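Keep the 3D view open and follow along as we go from the ligand to the core and then to the loops.

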Amino acid sequence: MKKISILGLGYIGLPSSAYYSKFNFHVSGFDINKKHIHNLNASNFDITEPGLKSLLKKQIKTKKLEFKDKLYKSDIYVVCVPTPLKKKNRTYDPDLSFLKEAIKSIKKVGVTDETLILIESTCPVGTTEKISKIFSVNNFPMIAYCPERVLPGNLLKELASNERVVGGINDASTEAAYRFYTKVIDSKVHKTDSKTAEMCKLVENSFRDTNIAFANEISLLSDKVGINPYELIQLANKHPRVNILEPGPGVGGHCIAVDPWFLINGFKNTSKLLQTSREVNDLKPNFVLKKLNEQVIAFKNKYAKEPKIGILGISFKPDIDDIRESPSLDIALKASKKYKNVYVFDPHQKNNKEIDVCKEKDILKCDLFLFLVNHTYFQNSKYLGIYQKKIILDFCNFNKTRNR
Ligand code: SAJ
């Protein structure tokens, strides 16, 4: 049985380790965070991804899945470490230190020309070729870039069903990557070179960011003429060749709001549309706060008192607890600082470290509501009642069917 090591047990590496161990492989999950490894080995999972906890438990029992704080020699290495952006001074340069360390640690345990290294982390174009240079010509492994495409919240299903793109630094690497993914996924695997595969990942997420920016700009224009953007978009989408996404409070998460920067930074004069899209999406929370302020002033003028403000949802998108880069959390934090009576409620947040999340009974007493995240939980008579009877600002299409 071939041995696989997964490097980096985050939101891609951890489910991938469990998933790959369902096939004819022995999988060893490796992470530099010893505490994380300890927790995984103690079955102490802090996970909300549907189905993941039970899959992990099941696969650990088969003894084909284990977690280690040391990297061991393997036939295949799947690299899923983070490649964050350096936000210092807002330069948004990619930090490839984790990736470089991961590749160095693979070199240290020893590779041959039979070893296969699959890089799934998001990278600037050309990274796979560059990092391959650290291996000596005598022991040169096969290396391919194979971007992940899974959607948080639907991850285990998409790991199996999404088509994949694999791009090796040479034909042997592409073929080996192709053989691996065709064994473990139920969908097509497309072969290309490493640069095209790297760019493909960045283009996919930039496409979504730009399309959301279009929707967000439409919402700003709608506000100028006093119409409902969601109704407008629903009607425009009746055209057979129009399919506008949904405006929201901004774009969050660790991918869509981040990945376009890999292209913008790499090709400054040729990525104006991407940069503008980022700006449009990043400015949306300010617009939400401006609209909130208008309502607060109107309330104070009418009732001669401060309104109780209820903020519904702080995660970066519906039905998950992930708050990374969340525009809703940003709005909630800023509103809590500016106004006296702000209540924040999110059914997916229990003990949030960044903001106090109130009890549901308290939120129901508010006067003015900001609907920020369209959690399925909110689709009940309590919140429909609020929507109809109270002062509301809807930035998540609460009252309409989803259009994603
Ligand atoms: N959003 C809108 N309007 C929309 C759709 C989304 O404002 O119509 C917002 C969401 O509320 C959220 C943000 O965009 O704040 C991103 O959410 P998302 O559902 O678009 O994407 P992610 O970040 O959860 O996952 C994306 C996916 N990429 C694409 O759809 C092209 C996923 O397939 C990738 O694997 C993932 O990025 C990644 O890891 O790169």
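This is a predicted model: local features need pLDDT of at least 70, side-chain atom pairs count only at pLDDT 80 or more; totals for chains, interfaces and linings use all residues.

**Around the ligand**

- The ligand has 21 residues around it, and the nearest are Tyr11, Glu148, Lys201, Arg208 and Phe316.
- Sort that shell by type and you get 10 nonpolar residues, two polar ones and nine charged ones.
- The side chain of Tyr11 has an N or O atom 2.5 Å from an oxygen atom of the ligand.
- How much of the ligand's accessible area does the protein cover? On its own the ligand has 770 Å², and the protein covers 92% of that.

**The nonpolar cores**

- In soluble globular proteins, nonpolar side chains tend to be buried together.
- Here, the largest nonpolar core has 40 residues, and Ile4, Tyr20, Leu56, Leu118, Phe180 and Tyr181 have the most contacts inside it.
- Helix α7 (residues 171–184) gives this core its largest share, five residues.
- Take a look at Phe180: leaving out residues up to four places away in sequence, it touches Ile4, Tyr20, Phe25, Ile76, Leu116 and Leu118.
- There's also a second, separate core of 23 residues, with Phe287, Val288, Leu292 and Ile311 among them.

**A loop residue tucked away**

- Asn162 is in the loop between α6 (155–161) and β9 (164–168).
- Is Asn162 buried or exposed? Its relative accessibility is 16%, so Asn162 counts as buried, the cut-off being under 20%.
- The Asn162 side chain reaches the backbone oxygen of Arg149 at 3.1 Å.
- Beyond its neighbours within four places in sequence, Asn162 is in contact with Arg149, Val150, Ile185 and Ser187.

**Two loop residues with positive phi**

- Most residues other than glycine have a negative phi.
- Ala304 has a positive phi, near 55°, and you'll find it in the loop between α11 (272–303) and β11 (309–312).
- Ala304 counts as exposed because its relative accessible area is 72%, and the cut-off is over 50%.
- Glu325 also has a positive phi near 55°, and its place is the loop between β11 and α12 (327–338).
- With 38% relative accessibility, Glu325 counts as partly exposed.

Definitions and conventions. Residues are numbered from 1 along each chain as its sequence is written. Side-chain values use heavy atoms; hydrogens and water are left out. A residue is near a molecule or strand if one of its heavy atoms lies within 4 Å of it. A polar contact is a pair of N or O atoms within 3.5 Å; within protein, one must be able to donate a hydrogen and the other to accept it, and residues adjacent in sequence count only if both atoms are side-chain atoms. Accessible areas come from the Shrake-Rupley method with a 1.4 Å probe; for residues, only the protein chains shown count as cover. Ala, Val, Leu, Ile, Met, Phe, Trp, Tyr, Cys and Pro count as nonpolar, Asp, Glu, Lys and Arg as charged, and the others, Gly among them, as polar. Helices (H or I, at least four residues) and strands (E, at least two) are DSSP runs, numbered from the N terminus. Buried means under 20% relative accessible area, exposed over 50%, partly exposed in between (1.4 Å probe, protein chains only). Contact means heavy atoms within 4.5 Å. A nonpolar core is a set of buried Ala, Val, Leu, Ile, Met, Phe, Trp, Tyr and Cys residues joined through side-chain atoms within 4.5 Å.
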